[in-house]
Amino acid sequence: MNSFLKPVSVLLLSFVSLLSVDTFAADSKGTVFITGANRGIGLSLAQNFAAAGFNVIGTARKPEQATALKDTGARVEQLDVTDQASVDAMAQRMAETPVDILINNAGIKGGESKDMAALDVENMEWVLNVNTLGPVRVMKALFPNVQSGERKMVVNISSTMGSIERNTWGCCAGYRASKSALNSINKTFAVDFGKQGVTFVVMHPGYVQTDMNEGQGNITPAQSGAGLMNVITGLDASDNGKFYDWQGNDLPW
Ligand SMILES: NC(=O)c1ccc[n+]([C@@H]2O[C@H](COP(=O)([O-])OP(=O)(O)OC[C@H]3O[C@@H](n4cnc5c(N)ncnc54)[C@H](OP(=O)(O)O)[C@@H]3O)[C@@H](O)[C@H]2O)c1
């Protein structure tokens, strides 16, 4: 190459690579993976993140019925968090896909009996399986994806019901324990993997009008999803191990 063309082509190449970086940033703010995204708070999270320019991957136990989730433009993945084969198949399909923000949202409510004789221990076991071990299965399966993401952020949707300090009115032993245990595991992972640059946060979404409480909440899924997204997109490594509500307030353990 002659001495005049060489610097010109170097300049041209730098310009093209600058352009491609800018194009990527403008196209997507990153990839968010949300479990239980076909209804309730998960669906609202998917709608909010998609509208804000993120790539959304949302899970549903029955993807063929997840029309509202599909309408957001999200990629829909089949996932039952209690079924290891379903988790493994999802992880295989996700191989090579970096995840910037993993949100473990899928959950169930469980029994509400305050009558010791009527306490349903099998139901408690199931609630712990879905709400505590479910997120653990997903965190384990997608850890490599989170590590290869830019933000390296894991958000576990917990509840103030999991706060032992806030438990002044009892009820719902299985549900409370499932969220307290999730809080504990989140903290352990924050300590163990924070050094590897991965941030783990637990969040209370508010008391939200969803199927879980027969629409009895005091905020809408849209308010919860927007608030959660606002807090989540502002998180960084300094938030590792924290417990926040949907408005960013610190919560007691
Ligand atoms: N609503 C509230 O006031 C409130 C308050 C505090 C915390 N939370 C927490 O917020 C999260 C979302 O609750 P929500 O109110 O949006 O509940 P929801 O409307 O009942 O939705 C629950 C979601 O979880 C999914 N799910 C349930 N079992 C699953 C499993 N085994 N595998 C995969 N997905 C499963 C459901 O899928 P299907 O449609 O297939 O059942 C659905 O997408 C939960 O973790 C809940 O504990 C809610």
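Modeller: Before we start, a residue here is buried if 20 or more other C-beta atoms lie within 10 Å of its own, and exposed if 12 or fewer do. Keep in mind that we're looking at a predicted model.

Colleague: Okay, so how many residues of S5 are buried?

Modeller: Let's go face by face. Met-153, Val-155 and Ile-157 point one way, Val-154 and Asn-156 point the other way, and all are buried. In general, side chains in a regular strand alternate between the two faces of the sheet. S5 is largely enclosed by the rest of the structure, because the number of its residues that are buried is five of five.

Colleague: Which residue stands opposite Val-154 of S5?

Modeller: Look at the neighbouring strand, S4. S4 and S5 run parallel and are joined by four bridges. Across from Val-154 you'll find Leu-102.

Colleague: Now H5. How far apart are its end C-alpha atoms?

Modeller: Helix H5 covers residues 121-147, which makes 27 residues. At 1.5 Å a residue they should span 39 Å, and the model agrees with that, because the end C-alpha atoms are separated by 37 Å.

Colleague: Which helix gives the most residues to the shell around the ligand?

Modeller: The shell counts 29 residues, and Gly-36, Gly-40, Ala-106, Gly-107 and Thr-210 are the closest. By class, 11 are nonpolar, 13 polar and five charged. The top contributor, with three residues, is helix H2.

Colleague: How many of the residues of H2 are buried?

Modeller: H2 has 12 residues and reaches 17 Å from first C-alpha to last, close to the 16 Å expected. Its buried residues, including Gly-40, Leu-45 and Phe-49, pack against S1, S2, H3, S4, S5 and H7. So is H2 mostly covered or mostly open? Mostly covered, with a buried count of 10 of 12.

Colleague: Which residues is Leu-228 in contact with, leaving aside its neighbours within four places in sequence?

Modeller: Leu-228 sits in helix H7. This leucine counts as buried because there are 29 C-beta neighbours inside 10 Å. Its contacts beyond those close neighbours are Leu-45, Met-203, Pro-205 and Trp-246.

Colleague: Is Asp-100 buried or exposed?

Modeller: Asp-100 is in the loop between H4 and S4. Among the residues it touches are Thr-31, Val-32 and Arg-151, and its C-alpha is 6.0 Å from that of Val-146, 46 residues away along the chain. With 21 other C-beta atoms within 10 Å, Asp-100 is buried.

Colleague: Last one: what is the phi of Cys-171?

Modeller: Most residues other than glycine have a negative phi. Cys-171 is in the loop between S5 and H6, and is exposed because 12 other C-beta atoms lie within 10 Å. Cys-171 isn't a glycine, yet its phi is positive, near 70 degrees.

How values were computed: Residues are numbered from 1 along each chain as its sequence is written. This is a predicted model: local features need pLDDT of at least 70, side-chain atom pairs count only at pLDDT 80 or more; totals for chains, interfaces and linings use all residues. A residue is near a molecule or strand if its C-beta atom, placed from the backbone, lies within 6 Å of it. Helices (H or I, at least four residues) and strands (E, at least two) are DSSP runs, numbered from the N terminus. Ala, Val, Leu, Ile, Met, Phe, Trp, Tyr, Cys and Pro count as nonpolar, Asp, Glu, Lys and Arg as charged, and the others, Gly among them, as polar. The expected span of a helix is 1.5 Å times one less than its number of residues. Two strands pair if DSSP finds at least two bridges between them. Two residues are in contact if their C-beta atoms, placed from the backbone, lie within 7 Å.
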